[in-house]
Amino acid sequence: MTKPLPSSYDEMLNADGSVRPAYAGYCQWHDEQTPDLLRRKGSEAEAFFRRTGITFNVYGNEDAEERLIPFDMVPRIVTAQQWRKLSRGIDQRVRALNAFLHDLYHRQEIVRSGRLPARLLKGNVAFLPEMVGFTPPGGVYTHIVGIDLVRTGEDDFMVLEDNARTPSGVSYMLENRETMMAMFPELFTRVRVREVSDYPRRLARSLAACAPPACKSNTPVVAVLTPGIYNSAYFEHAFLADQMGAELVEGSDLRVENGRIAMRTTRGYQPIDVLYRRVDDEYLDPLTFNPGSVLGVPGIMDVYRGGGITIANAPGTGIADDKAIYSFMPEIVEFYTGEKPILQNVPTWRCSEAEALKYVLDNLADLVVKEVHGSGGYGMLIGPTSSKKELAAFEAKLRARPENYIAQPTLSLSTVPILTRAGLAPRHVDLRPFVLVSPNGIDITPGGLTRVALKKGSLVVNSSQGGGTKDSWVLDD
Amino acid sequence: MLGRSANGMFWLFRYLERAENISRLIEAGFRMALTRDASDASDEWRSLIVTLGLRRAFEARHGKEYTGPHVFNFILRDRDNPGSVLAMTEEARTNARMVRGGITREVWESVNDGWMRLKEALARPVPETRLGDVLDLVRRQSTQVRGAMEGTMLRNEIYNFARMGSFIERADNTARILDVKYYVLLPSVSYVGTSLDNVQWENVLRSVAGERAYRWLNAGRMDPRGIAEFLILDGRFPRSLAFCYSKLRSNLASLAREYGNEMHCHEILRDADCQFHQATIEGIFEQGLHEFIGKFIRANTALALQIQRDYRFTE
């Protein structure tokens, strides 16, 4: 086994090369396997993914219309004790996010109290005036949240990003586990790992608990709204609908009928109670937002405000995961929960502030700079791995529109080994746990999606940029 | 179920059926060509292109050079041919992705697996020596999907829409083959009973995978009227028009039971179905084989459209 990187915390190995407790059971099993067998299982897994169609589409890449997200067979393991602490932190953060959203669209106490500058809301496209004064069914804004965590030490987990709009990746969490269990059943008899497979059922239950006032039935009709088969996450949309026993609908299947949103079935139009939409706010309703959108349903916002349907996540939740807002999350958590934040933020400089901008410009080569509204790892600068030319180009962009950027230190993300031709080798990882919110409470699936940068030394884990995934284990007590 | 999903199931199975039938046609054409000299072989290949209605597209691509490899590669994989076997298989898979939630994992995997294999097999032009393998692959894919359907799908509306797609398409394909080859089956002054006739007749049967069944039923005797009767009226043969319609009847009846009501398409089917119960092959020849088939194809298309309308396949 190769040594851990000196500069990063390795989750499997101590600095002296001995195995940490979380991985004791796994490593014992791993040492009994031949490298040959593991490699063969690796290609089996890939063939399995292709055959089952677990692919994602890459925009603007015609040759590789459907690609596989590479799967690495070495699991990422978190102990029961670590997970308990993480869950408490996640629970707290998600409670705060929902309270924050409710406040933003009602009295804006947090702005009045002076803890959040009003300018962050003015002109922010993620803030939807259409939502002001409206409370979604059950008071839930973010029915599904993905909290991106990074780790820098034994007890140092930090939140890198909150995904409060339409977090994706949960299908990989589920399929990765299925694959591991199919390939190495005996491993799961030796190491007790907490189940994730009931996520779709929990999702269905959680969504059903948020039925709108117009729903008179005990079994609300749930549907998943997808932009269609060419969307990058179509597989996931179809997968979740299938697993929940819900219809997978497109905008063209839906229309407004008697104050409800109804889907065209072979027997006529039938009303939907809860719509789990995987379409962005902007495309949701051409009458209210982007008039050119064919992905949404004309008039759905009126139906929504009239209590005819639940939209999950609620329109306008994007304001909570805006990167400019992110830097205020510690204050937000404290303001709404009255508690100290359990999970820390990554230190963040808001380039809109003169002093911060100066620091960022002076230290550009050491920092990661992100667009406030960007996602997917696009449009960001990683100082330490950029050329002088790239740095200069980015500096010009920063000076032109400083308010468009935030900067963070280049974290030495923790590593977990992946299986390479030369054996195990450390690679940087992050973790996205998935959280369900309903009036009945907050439900966190143990584990989540571990993304791994497959290139040696790389810190970018996004699947669109060469990242892979791992099965993520939370050990049972 | 969603109207769009019903549409997806219907077309998934239409495309698969069509890909399979086209590959049978190629096989029959290939066999004919093998037994002829060069210029007659070229005629056989041309007749295949004509049967598939691809003459204009083919000649735009290859001129009048009807060589085997040109013809079967054009039909199997040419990008200029939107109805190629590869394109049909891709369409089928796209539909399967769209209705992924309505089909079992087994059905999806057999569609997806077949598509991946075929895409690989057709990545480069197919030489004559590999043609048999490729056609085999297409047929095996259909068989596999059908088997997965049979073994794993609930017998509900989803299943019925899928089966209706198969049988509408199959009836259409058999009728079209009859339509192009009907003259081979007509009594003619010059060729009656020659060995060439025998080969032509057998070829019609081979195009719909019926040569063995027919020989078995008729103790090896070939006669054109018997062949026409077999392909149109014999309810035992799974690619005959009568068989397809008896299946359509039972699929539509089970839909009516599930939904609790009949639609306009049920009426149309009843009318169409009557002709198979009352018709005799003598009557059909009297009316004119060509006319009969033309009428059938139009009625079959109308039935398909009515099903799509009645069950709201599209807005």
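Predicted model: local features only at pLDDT ≥ 70, side-chain atom pairs only at ≥ 80, totals over all residues.
Student: Let's start with one residue. Is Ser142(B) buried or exposed?

Tutor: Ser142(B) sits in helix α7 of chain B, which covers residues 128-152. A residue counts as buried if 20 or more other C-beta atoms lie within 10 Å of its own. Ser142(B) has 21 of them, so Ser142(B) is buried.

Student: Which residues does Ser142(B) touch, leaving aside those up to four places away in sequence?

Tutor: Contact here rests on C-beta atoms that lie within 7 Å of each other. With residues up to four places away in sequence left out, the partners of Ser142(B) are Leu16(B) and Glu20(B).

Student: How far apart in space are Ser142(B) and Ala175(B), C-alpha to C-alpha?

Tutor: Along the sequence, Ser142(B) and Ala175(B) are separated by 33 residues. In space, the C-alpha to C-alpha distance between Ser142(B) and Ala175(B) is 20 Å.

Student: Now to helix pairs. Are α12(B) and α13(B) roughly parallel or roughly antiparallel to each other?

Tutor: Two packed helices are described by the angle between their axes and the distance between the axes. Helix α12 (residues 241-259) and helix α13 (residues 264-278) of chain B pack at about 150°, and their axes are 10 Å apart. Angles over 145 degrees count as roughly antiparallel. The two helices α12(B) and α13(B) are therefore roughly antiparallel.

Student: What is the handedness of the crossing of α12(B) and α13(B), and how many nonpolar residues does their contact have?

Tutor: The crossing of α12(B) and α13(B) is left-handed. Residues of α12(B) in the contact include Leu241(B), Tyr245(B) and Leu252(B), while those of α13(B) include Cys265(B), Leu269(B) and Phe276(B). By class, the contact of α12(B) with α13(B) has one polar residue, two charged residues and a nonpolar count of 10.

Student: How are α8(B) and α11(B) oriented, roughly parallel or roughly antiparallel?

Tutor: Helix α8 (residues 157-185) and helix α11 (residues 224-233) of chain B have axes 11 Å apart and pack at an angle of about 170°. Since angles over 145 degrees count as roughly antiparallel, α8(B) and α11(B) are roughly antiparallel.

Student: Which residues of α8(B) and α11(B) make their contact, and how many of the residues are charged?

Tutor: From α8(B) come Thr174(B), Leu178(B) and Leu185(B), and from α11(B) come Pro224(B), Ile227(B), Ala228(B) and Leu231(B).

Student: Which helix supplies the largest share of the side of chain B that touches chain A?

Tutor: The contact takes 20 residues from chain B and 19 residues from chain A. On the chain B side, α1 (3-34), α5 (85-98) and α6 (105-121) each supply at least two residues. By class, that side has eight nonpolar, four polar and eight charged residues. Its largest share is five residues, and they come from α6(B).

Student: What is phi of Gln108(A) near?

Tutor: Gln108(A) lies in the loop between α3 (80-104) and α4 (109-112) of chain A. With 14 C-beta neighbours inside 10 Å, Gln108(A) counts as partly exposed. Its phi is positive although Gln108(A) is not a glycine, with a value near 55°.

Key. Residues numbered from 1 in each chain as written. Chains lettered and ligands numbered in written order. Helix = DSSP H or I, 4+ residues; strand = E, 2+ residues; numbered from the N terminus. Buried ≥ 20, exposed ≤ 12 C-beta atoms within 10 Å, placed from the backbone. Contact = placed C-beta atoms within 7 Å. Axes fitted to C-alpha atoms, helices over the stretch in contact; angles between N-to-C directions. Parallel < 35°, antiparallel > 145°, perpendicular 65-115°, else oblique. Left-handed = near helix turned anticlockwise from the far one by under 90°. Nonpolar A, V, L, I, M, F, W, Y, C, P; charged D, E, K, R; others polar.
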